[in-house]
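Welcome! Let's take a short tour of one protein structure together, with a few stops along the way.

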Amino acid sequence: MGNCPSTSRRKFSPNQECNKQVTTEIVLKPVNQDEKINFSDCEDEKKIPFGESEDKKSIPMIDGVEDPEPATTTITNGSGGDVILNSEDKEVPLIVELVNLCLSLNTVEHHTSDFYAVHSENPRLAIRRGSPFKISVDLNRPYETSKDILCLVFTLKDAKSPSYSQNTEVLVPVVLDDDKDKVPAPWQVRVLETQAKTLTLEVTPASNCVVGEWILEVDSRSKDDKYAPDFRYKVKDPLLILFNPWCEDDTVYLEDEDRREEYVLADTGLVWRGSHNCLRPCVWSYAQYEENILECCLYLLTDVGHLRVVDRADPIKVVRHISAVLNCRDDNGVLVGNWSGKYKGGKNPTCWAGSQMILQKYFKSKKPIKYGQCWVFSGVFTTVCRALGIPCRPVTNFSSAHDTHNSLTIDRFFDCHGKPLEKMNIDSVWNFHVWNEVWMQRPDLEPGGYGGWQAADCTPQEESDGMYRCGPASVEAIKRGEVKKAFDTTFLFAEVNADKVYWRYHGPNQPLKLIKKSTEEIGQCISTKAIGKFEREDITQNYKHIERTKEEREVMLRALRQCKDVFSRYYLNDDLEDVQFEFTLLDDIVIGEPFTVKLKAINKKEEGDEFTLNVCLHVHSAFYTGEAKKLIKKDEFEIKLGPGVEQEMTMTLKYEEYEKSLVDQCAFIISAMAHVEESGFDYCAQDDFRVRMPDIAIQVDGEIVQNQPITVTATLTNPLPKALKGGEFVIEGPGFGKPTKLKMKGNIPPGEDAKVKCKLTPATPGCKAIIAKFKSKELEDVDGYHTIFVKSSPENQKDNNCHL
């Protein structure tokens with residue numbers, strides 16, 4: 001036997017499609033059929049072990065077919081040398097020369113064509129499990145079913161020990177329809193067309209296969225000659241396989257194309273903040289298609305936390321894992337939560353407008369990003385789920401309870417002067433809290449119809465099974481009060497249904513006096529973005545029955561019976577009291593304006609003695625988590641209320657009074673306490689309030705076409721009675737590249753406009769949102785958005801699909 005003509009692996013760089021090159025290689029497999037050889041892409045030469053009777057030597061890789069002499073063809077086989085085959089005596093072995101992944105065709109059909117990884121300089125195929133995709137296989141000679149064996153080999157890239165039993169390695173033989181066994185297999189391949197030396201195949205991954213990066217190889221060998229060598233062709237870049245809400249057999253299947261468009265494909269959305277009496281929509285750029293975002297999402301599954309490889313096939317376990325790794329309390333997760341109001345060394349959570357910068361920075365540094373709060377956690381959670389193919393939406397719950405004891409009550413204590421006793425007030429009510437819903441079936445909870453929307457929360461609040469995570473919990477189970485259903489249903493039920501109880505504390509060893517019990521304050525205006533439009537959809541009815549109905553109280557009692565720490569429930573009936581109180585706030589106050597708190601007292605008796613009322617009104621600045629920061633103003637009143645008389649007590653706050661006490665979200669806690677001396681009746685009311693920020697107006701000039709620049713103008717009117725200093729705009733949006741920062745020159749006087757212009761170039765067609773943020777030394781957390789529709793460029797409209 002002669003010397004090997006080459007000991008180097010042949011590198012193929014075929015023009016796969018549309019001038020996109022995908023490097024592939026052919027690897028010669030040893031005769032030993034039971035041995036799996038793993039090759040590294042970075043090495044040029046491999047040593048392959050032989051049987052005991054063979055010399056251990058370097059095995060040459062396929063170097064292609066040498067320029068043949070008239071009667072012979074030289075092919076390198078598994079013996080370590082060259083085999084001279086006479087074309088008259090021997091059949092030329094079947095060798096795969098090229099695999100065309102048909103990126104343009106497959107990514108359109110699998111709804112993955114917008115991912116950066118698909119159209120980058122080194123394009124990769126992204127597909128969804130359970131749906132067929134096409135490939136074409138070029139051979140060195142025509143494929144003959146009677147003589148040849150062709151087999152596709154899929155191997156999960158990060159599996160340490162790939163195995164068929166764990167579905168991390170899959171063999172899919174290529175056979176014609178006439179030769180197929182009728183028993184269905186999880187993975188399928190079908191020959192669509194045989195033309196000369198090219199096979200067109202349709203491959204369907206299992207609808208429950210592991211999500212991640214899969215290596216594709218094609219083996220070829222002779223059917224009858226057991227001594228004939230095996231040849232293996234390896235596609236260099238792994239395929240990306242994602243969840244599939246378009247496949248009825250996938251547990252994340254979602255009916256209706258409009259819903260899939262909104263909850264899977266949309267890269268921009270709205271997240272609501274504020275308070276139940278001042279709802280504020282904020283635009284968020286999910287940016288799941290941008291550079292390295294999909295790669296980062298897969299990295300979170302494979303390298304962060306402790307998710308088993310086989311569990312990546314189950315969206316329930318994947319979502320629970322995501323809720324843990326997006327915060328850094330247990331693992332080296334994505335975001336650092338911070339509710340202190342001090343953000344040195346990081347970014348104020350109100351300055352984020354999207355997930356792109358967060359995930360790209362994290363993927364590059366592999367270190368947690370500072371800082372996030374609930375809506376930031378929720379926005380990033382939405383990005384990760386949608387990128388992986390799990391339908392997802394952010395949900396805002398106003399007046400959201402944080403029940404630390406799982407007692408289903410939020411207890412508030414006040415002293416005899418009406419001052420909140422913060423050391424005793426361990427439970428809290430957040431002005432708003434944002435979590436997520438994901439769509440999937442719940443076979444682990446059935447029977448009972450618990451599939452559909454599942455609540456999950458990655459904001460680190462309480463531990464669940466030893467880690468800071470929450471959910472997924474069936475929204476249907478929450479509404480039914482079935483708090484024992486997995487996962488964390490008790491905590492989520494309390495967030496929307498807990499009863500709020502007010503107590504007057506008279507000191508140690510003194511009995512508490514129950515002032516008021518409210519069954520309606522918790523869980524209001526539960527909101528998400530409407531399908532296909534930038535408007536609010538109220539989904540409160542998904543979580544709870546209408547307040548004060550028989551069904552609502554029955555659900556609460558059912559939950560209490562299942563709760564370990566059941567506190568006694570108190571029911572008040574103050575209809576017999578002679579004095580009635582009405583507590584009101586003025587809505588829609590822009591920062592810089594004064595606001596007024598009003599408490600009206602009504603003597604319901606038409607005749608008789610007058611009543612003496614002691615009234616106290618408090619205004620505290622507060623974090624949106626419900627924690628009071630500072631007392632801003634307190635007014636006390638003592639009035640005489642005669643028969644049939646109504647009297648209003650008011651307290652007005654000017655901007656100069658509350659300016660220096662403001663914290664994030666510009667939130668306040670307004671409290672009213674009243675005591676009727678003659679009857680001993682106590683009244684207590686507490687509410688959340690916020691002054692809203694001004695809006696940024698955005699104008700777009702020019703025809704809006706893909707890859708063509710447009711002019712964007714952003715304008716803000718200063719609402720404060722003083723100048724704004726150090727103003728800065730940030731303009732961004734999915735498909736527009738990196739955010740554009742524009743600093744203002746000079747100060748912005750009161751009532752004057754701040755205006756900036758910039759050029760943006762939309763990279764992808766479709767409905768997009770332009771997002772503007774503004775901050776200065778005196779004013780921050782100001783934003784605005786403008787929706788546009790980007791037309792496809794003429795080049796993009798050409799038919800560049802793979803023609804098979």
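## A pair of touching side chains

In this predicted model, the side chains of H433 and D457 are joined by a polar contact of 2.6 Å. H433 sits in strand β23, which covers residues 428-440. Is H433 buried or exposed? With a relative accessibility of 0%, H433 counts as buried, since the cut-off for buried is under 20%. Besides D457, the contacts of H433 beyond four places in sequence include C374, N397, S400 and E495.

## The listed active site

Which residues does UniProt list for "active site"? The unreviewed entry names C374, H433 and D457. These residues span 84 residues in sequence, yet no two of their C-alpha atoms are more than 9.9 Å apart, so they gather at one spot.

C374 belongs to helix α7, residues 374-388. C374 is buried too, with a relative accessible area of 0%. Leaving aside neighbours within four places in sequence, C374 is in contact with H433 and also with W339, W430, F432, V434, T459 and Y624.

## An open sheet

Now for another part of the model. Here 4 strands form an open, antiparallel sheet in the order β35-β34-β37-β38. At the edges stand β35 (628-641) and β38 (682-690); each has a single partner strand, so one side of each is left without a neighbour in the sheet. From one strand to the next, the twist averages 15°.

How many bridges link β37 and β38? Strand β37 (residues 667-676) pairs with β38 over 9 bridges, in the antiparallel sense.

Methods. Residues numbered from 1 in each chain as written. Predicted model: local features only at pLDDT ≥ 70, side-chain atom pairs only at ≥ 80, totals over all residues. Heavy atoms only, no water. UniProt positions renumbered as here; feature names shortened; annotations may be inferred. Helix = DSSP H or I, 4+ residues; strand = E, 2+ residues; numbered from the N terminus. Buried < 20%, exposed > 50% of the residue type's maximum accessible area, 1.4 Å probe, protein only. Contact = heavy atoms within 4.5 Å. Polar contact = N/O pair within 3.5 Å; in protein donor to acceptor, adjacent residues only side chain to side chain. Pairing = 2+ DSSP bridges. Axes fitted to C-alpha atoms, helices over the stretch in contact; angles between N-to-C directions.
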